[in-house]
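Here are a few friendly notes to read alongside the model. Please keep the viewer open as you go through them.

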Amino acid sequence: MDILLKPSKYNYFYKDEQGDYLMCNFFKGTDSFCKINNKNIDRFNEVINRKNILLNREDKFISYLYEKGYLIDEKIDEEFRVKSMYYNTVMGDGYSLTIMPTEQCNFRCKYCYETFEKGKMSKEDQKALLKYIQKCIAHSNRLHISWFGGEPLLAMDVVEYIMSNVQKMCNLRKIHYSSNITTNAYLLDADTFEKLYQFRVTAYQITVDGLKEQHDSQRVKGDGSGTFDRIMKNLISIRDLPKNKYKFANITVRVNVTKNILDRLDEFVKYYDDLFGKDERFNIRFAITDNYGGEQIKDIEDKLVKGKNIYDKLKEKGIYNNNLVNFADAISAFEPMNLVCYAAYKNSFTIGSDLTLYRCTIHFEKSENCLGKILPNGEMEIDTDLNNRWYIKDKLKNPECKECFYLPCCYNVSCPLRENVSAFENKCTMRDYKENLGNYLVFLDKKMKFETI
C-alpha cells in the first residue's frame, strides 16, 4: 500500500554562508541534523512543497527525508504527538528536588531578586527533609537534587549531611541519583569541589559577568569588594585537577550580560577561551540580565539589554565560528522537551531552608508559587489544586503555538508560572531563542560535521 506523506510542521532550515541548508526537525531533535548541498536545494523545495508526496523507497532523497522526520505520514496528528510527548516527559516517576540549604548569601549582586530573610536549614528540618526524600524514593526509580540558595556553599555542612544520607538510601535501594549546584564559586576551592564530586554533584552553574572590571561592578561581596579574582582562582584550580578522575564534571560559566559587558564580549570570550576552551568539561552561557524584582535592579535598569543584542554581538565578532568554545545552550536548543521548565514537571519541587515548598526558584514572593510545606514527619502539606496547575496543560492558550515549528522543544511552558498559572501576560518566551537557532546550527555543524544529502 502506498504511503502518502506530508511535510512535518516542525521542520527548520537555515541557509549558511555557503548557501547550504542546515536542517533540524524539532520532533526528532539532534538525530535529524543534516545538511542539503546548495545544488540540491531546488529539488528539496520541489519535494517539500509538493501536494501529493508518495513514499518511494527507490527515491533515496525522499526516503532520507522520511527517515529524518522531515516528511511524515499524512495521517499523523502532530500536535497530539507533541502533547503526548509532553505528558510522558513531565509525568515520569523520578523526583527532582531543588534544595536551599541556606537563603543567606555572601554576595550582594546588583541584579539579585532575593531578600535573604531566612537563614540556614536547622538540624530538625534536615531530618524532616530526609524523611521526605525517603518517602519519595520508596516509589521512584530516580532522584536528582539541585543545590540552590542564597549561596549553598555557606551551608556546606548541610549539603554534606543531606547528600551522605541520600547516597546511603539510594545505594541501598539501587536507585539512580545525581546532583548539580548553582554557586557563586567564591568558596568552591579544589577541596570543596572534590567533596561535592564524591557525592555525585557533577554539574555546576557559576556566574562570571565578563572581565574583572565588569564582573566586579555587578557581583560584589556584602562589604562591596570584588569577587572576580577569587572565583577565577577556584575555577583554574578545578581545571587543573586530573581530568580522568573528574571526567563527568560539567561546569557552565554563565555570563549575565549588561551594556558594559556587551561592549567587550569578544574580549571576554578570548579570555575564557585561553583558560578553558580546550577543556570539554567547561561550557559557557550568555544570558540577559532581567528584572526579576527587588530593589537592587533599579540601579542598573538603564544597562539592561535584550537577547537579540547578545546574539547579534556574538555573530558580529565571529564567535559562533570558534569551535573551541562550548555553548551550553547549543545542543539543548534542539532536543525535544528540553526547554520545558523544571517547574512544569509533576515531581519537581523547590524546598526553602525552612521547608516551604515552591515550584519556581525566582518568584518566591508570588502566592501562586507557594504550595505548602514539608512537615516534621516528612509528609508534604500541599495545595493540590494549585500544584496541579503547574504541570497540567490541556490546551495551548497562545494560538501562535499551534503552528510554531518550535513547539516540541518548549510546549509553551518554558515558564509555567506565566503559561499555566497566569500570573503574567501570556506571550512567547522563546522569541529571542528562536531567532538565534541558525547561529547555533552553524556552530554545531562546525563541531559535528552534519551529514550532507
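1. The largest nonpolar core of this predicted model holds 129 residues, and Ile-133 and Phe-327 have the most contacts inside it. Helix H5 supplies the largest share of this core, with 8 residues. Another core lies apart from it and has 18 residues, including Tyr-21, Ile-41, Phe-44 and Tyr-70. As background, nonpolar side chains in soluble globular proteins tend to be buried together.

2. Ile-162, Val-166 and Met-169 are among the buried residues of H5.

3. Now to H5 itself, and which of its residues are buried? They are Met-156, Val-158, Val-159, Ile-162, Met-163, Val-166, Met-169 and Cys-170. These residues cover an arc of only 160 degrees around the axis, so they sit on the same side of H5. On the other side, Lys-168 and Leu-172 are exposed.

4. A geometry check on H5 may please you. The helix has 18 residues (156-173) and, at 1.5 Å a residue, should span 26 Å; its end C-alpha atoms are 26 Å apart, which agrees. Just after H5, Lys-174 adopts a positive phi of about 55 degrees.

Technical notes:
Residues are numbered from 1 along each chain as its sequence is written. This is a predicted model: local features need pLDDT of at least 70, side-chain atom pairs count only at pLDDT 80 or more; totals for chains, interfaces and linings use all residues. Side-chain values use heavy atoms; hydrogens and water are left out. Helices (H or I, at least four residues) and strands (E, at least two) are DSSP runs, numbered from the N terminus. The expected span of a helix is 1.5 Å times one less than its number of residues. Buried means under 20% relative accessible area, exposed over 50%, partly exposed in between (1.4 Å probe, protein chains only). The arc is that of the directions from the helix axis to the C-beta atoms. A nonpolar core is a set of buried Ala, Val, Leu, Ile, Met, Phe, Trp, Tyr and Cys residues joined through side-chain atoms within 4.5 Å.
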